[in-house]
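Let's walk through this model together, one question at a time. Have the sequence and the 3D view ready.

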Amino acid sequence: MRITDSDQHSLSASPDFTAHAGPSPDHANGHSNGFTTKPATNGSTNGLHHPKNGKAIAKVTLPGTNLYDDTPVNREEYVRLVIQSLRDVGYIESAATLEAESGFVMEAPEVADFRQCILDGSWTKAETALMRLGVTDEDALWDARFLINQQKYLELLEAKKTTQALHVLRNDLAPLDVDSDQLHTLSRHAVCFPLHVFALTLYSLMMCSEPDDLRQRAGWDGAAGYSRRQLLHSLQQYIPSSIMIPQRRISTLLNQAQAHQRQHCLYHNSPSDSSSFSLYTDHHCNKSAFPRITTTILEVHSNEVWNMEWSHDGLLLATASKDESAIIWRLSDADGNMRDKWGETGIRITDLAITPDFSRLVSVGMQHLPVAVVNEGITGREVQNGDAAAAGAAAAKASENKMIIYDLTTKLVESSIRLDGELTSVKISQDSRYALINHAPDEIHLWDLEAGRLARKYTGQRQGRYVIRSCFGGYDGNFVVSGSEDGNVYIWHRDTGVLLETLSGHGEGSVNSVAWNPINYRMFASCSDDHTIRIWEAPLELMIDEPLEPMSFVENRNGNGNSNGKGKTRQRWDADGVEI
């Protein structure tokens, strides 16, 4: 969108209003949407003011249309986004200067008029302004009109203007003849009902004695809330983005760039804040800050340590051993109550996990199939107890390994997936989307629970004879960690499958389980057949600001509930198990 040459001679670096630092002034409805209340104009269509000091700004004419010769970025699009961003942060005069010098304006006055009509609640004017914004698709135009009239209808109910609300329902909404499927998808934050039940819904809302009750029942925050700004956001999809630029567009692009860099940073393990990301350089996490050395060895168990888990606050570590003892390090046992009980699942469960959003339960195990065995000359009959060889062959054919996903509320099976190989553990990502399943032989599978498909495989560790458990790790759950029958700990980048670390240090036997600390994202633990638990952290010199509190005591509960003693060692080890 360009400024005409006739307008260019009248432009000045100084608009005829005072620029204020900080966000743009608020509109009606309590929100500015990142723009000034009235569009800056010079009396024509370029959105700028007459000069105050009589000094015009010379328009800069550049060759070509791209921002740089070696990039496909369009110069006009880039400049308009910069102008929008300058206005968003309060640099109004700078934005006006850039418009004058570049010859591009952020938007036409019609766009600003439309936005202001929505924020002011001028619904009739908003519909008229909508027609001037390049919406050519008839269905899109009707959908946009429906959203505008729906907001109008709800605000009239909120203001207790029932007669006018009925008029809008009968004369503005009903004639649009929007079907129930469209109503469901038009807006996520407004009341959308099929038309044949709209009258009953209106009657229900009319019975609300207070506006708060109306807003709660409608799932809507009212005229003074964010509803009008949300309406603008919903209407954006029907208006060409080249005419009405989506709000805070540069911020959206920067967030996308940040997410891309985070995804491709193999050792990323920090929060996404201003201290870990900078626009001046590409994001990169230092490998030296990764937890890959042993800082503590816990030696109390007298036999193989099979499983372990951190408490949710990251202060407790529970371990279970072949010596028939369970140890909770640094805190005693707490009383527990039964929350729920499941019926028969149809499989011999080897492990299960509940998604953090409490929507699903994921279980893995083996299902025995009641089928007749045809093997080794045994035909049409069940295997007899005395025929051990036939029984073994029959058992192999009469069972299969499965992952079964349940709806946690209804307890109904969402999906049942047959998998080859023995399944020994399952962990769920913090966003409740992925399930991590140890799969013998020698694989770990990442399942996308939303799409119902295998997303990725991780290989390198050894698992064939024993139960090996894995887990997610890191600040964003972007690592996959597993024990192994070769005595090592393996760590992969979750999204790419790249093997990052193979950590040695445990003694002879398998590393049976690993657990990443849910609070201290630079710490995880591993347990092994060598009777020990190892705590892994970043090198000591990188933890000066985050000192480790010593694990000062342990409590051991055996089958009789008696204490079996206390003990620990704290040593410094490198990744090869050499004591420092």
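Q: Which residues does Leu130 touch, not counting residues up to four places away in sequence?

A: This is a predicted model, where local features need pLDDT of at least 70, side-chain atom pairs count only at pLDDT 80 or more, and totals for chains, interfaces and linings use all residues. Residues are numbered from 1 along each chain as its sequence is written, and side-chain values use heavy atoms, with hydrogens and water left out. Taking contact as heavy atoms within 4.5 Å, Leu130 touches Phe114, Val135, Leu141, Ala144, Arg145, Ile148 and Ile239.

Q: Why do the buried residues of α5 line one face of the helix?

A: Helices are DSSP runs (H or I, at least four residues) and strands likewise (E, at least two), numbered from the N terminus. Buried means under 20% relative accessible area, exposed over 50% and partly exposed in between (1.4 Å probe, protein chains only); in α5 (residues 123–130) the buried ones are Trp123, Ala126, Glu127, Ala129 and Leu130. They line one face because, by the directions from the helix axis to the C-beta atoms, they fall within an arc of 165°.

Q: Which residues are exposed on the other side of α5?

A: Nice contrast to look for here! The buried residues of α5 pack against α4 (109–120), α6 (138–158) and α11 (227–235). On the other side of α5, the exposed residues are Thr124 and Lys125.

Q: Which element gives the largest share of the core that includes Leu130?

A: A nonpolar core is a set of buried Ala, Val, Leu, Ile, Met, Phe, Trp, Tyr and Cys residues joined through side-chain atoms within 4.5 Å. The largest has 35 residues, and Leu130 is among those touching the most other members. The largest share of this core, ten residues, comes from α6.
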